[in-house]
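Let's walk through a protein together, one piece at a time. Have the sequence and the 3D view ready.

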Amino acid sequence: MKRVIAIDGPAGAGKSTVAKIVAEKLGYTYIDTGAMYRGVAWKTLKQSQEVTDEDILRAVHDIDVHLACTESGTRVTVDGTDVTEEIRTPEVTHIVSRVAALGPVREKMVELQRAMAADGAVVMDGRDIGTNVLPNADVKVFLTASVEERARRRYNEMKEKGYAVNFDELKQEIAARDKQDSERTISPLRQADDAILLDSTRLSINEVAARIMELSE
């Protein structure tokens, strides 16, 4: 049976890393919805440094976001340009929640995401997959961790990539993003009623992946 697996949760919970592992082990396609919103944010910043809602809507109007699974991981292209690395910059991260909060942006991305999952055998992660994008998913997981732990993970990730980051500021930014994602009017971050809660604060990535694999059997 080609199952559809939905993994939701706040920033830094390890959703993308876990989803990639699960997809690889099952031979499924991994769909990184966060990367799609980041693609919109990247295009917006390329068009205007002082971002307004109008700038975001203009960027998403005719955007072409494509995800390709390769041996080196998922590659993301926006309008034909590979932006896999560029969409992970602090500048993109700073505005992505704002981008994702706009109705027309979510409508466009959800349309693309549902089309990608139509044939099953996919693992999709994001903020509203189990509640909105794929409410009939076979397996739903809400993956979380403490703000302190999520900030530590993001801090280490950014340092490894060469970015100068302040841990306390990063912690505040993650807490603020949690608030913004949870309180937005359209498709807020929340645990689906039928989703399994997994707290990864004291679990390794492989331990989390193993638990999701068990749920998928």
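First, some ground rules. This is a predicted model, in which local features need pLDDT of at least 70, side-chain atom pairs count only at pLDDT 80 or more, and totals for chains, interfaces and linings use all residues. Residues are numbered from 1 along each chain as its sequence is written, and side-chain values use heavy atoms, with hydrogens and water left out.

UniProt, in an unreviewed entry, places the feature "domain: Cytidylate kinase" at residues 5-215; positions follow the numbering used here, the feature name is shortened, and such annotations may be inferred rather than shown by experiment. Over residues 5-215, the chain is 52% helix and 18% strand. Here helices (H or I, at least four residues) and strands (E, at least two) are DSSP runs, numbered from the N terminus.

Where they touch, domain 1 puts in 23 residues and domain 2 puts in 25, with contact meaning heavy atoms within 4.5 Å.

How much area is buried between domain 1 and domain 2? It's about 1900 Å², and carbon and sulfur atoms give 52% of that. Buried area is the accessible area (1.4 Å probe) that two parts lose on being put together, summed over both. On the domain 1 side, V122, M124 and D125 supply 23% of the area buried against domain 2, more than any other three residues.

The count between the domains is one salt bridge, meaning a side-chain nitrogen of Lys or Arg within 4 Å of a carboxyl oxygen of Asp or Glu. The side chains of D128 and R106 also meet in a salt bridge, at 2.8 Å from N to O.

The structure holds 18 salt bridges. In one of them, K43 pairs with D62, their closest N and O atoms being 3.2 Å apart. K43 lies in helix α2 (residues 33-47) and D62 in the loop between α3 (53-61) and β3 (65-70), so this pair ties together parts that are 19 residues apart in sequence.
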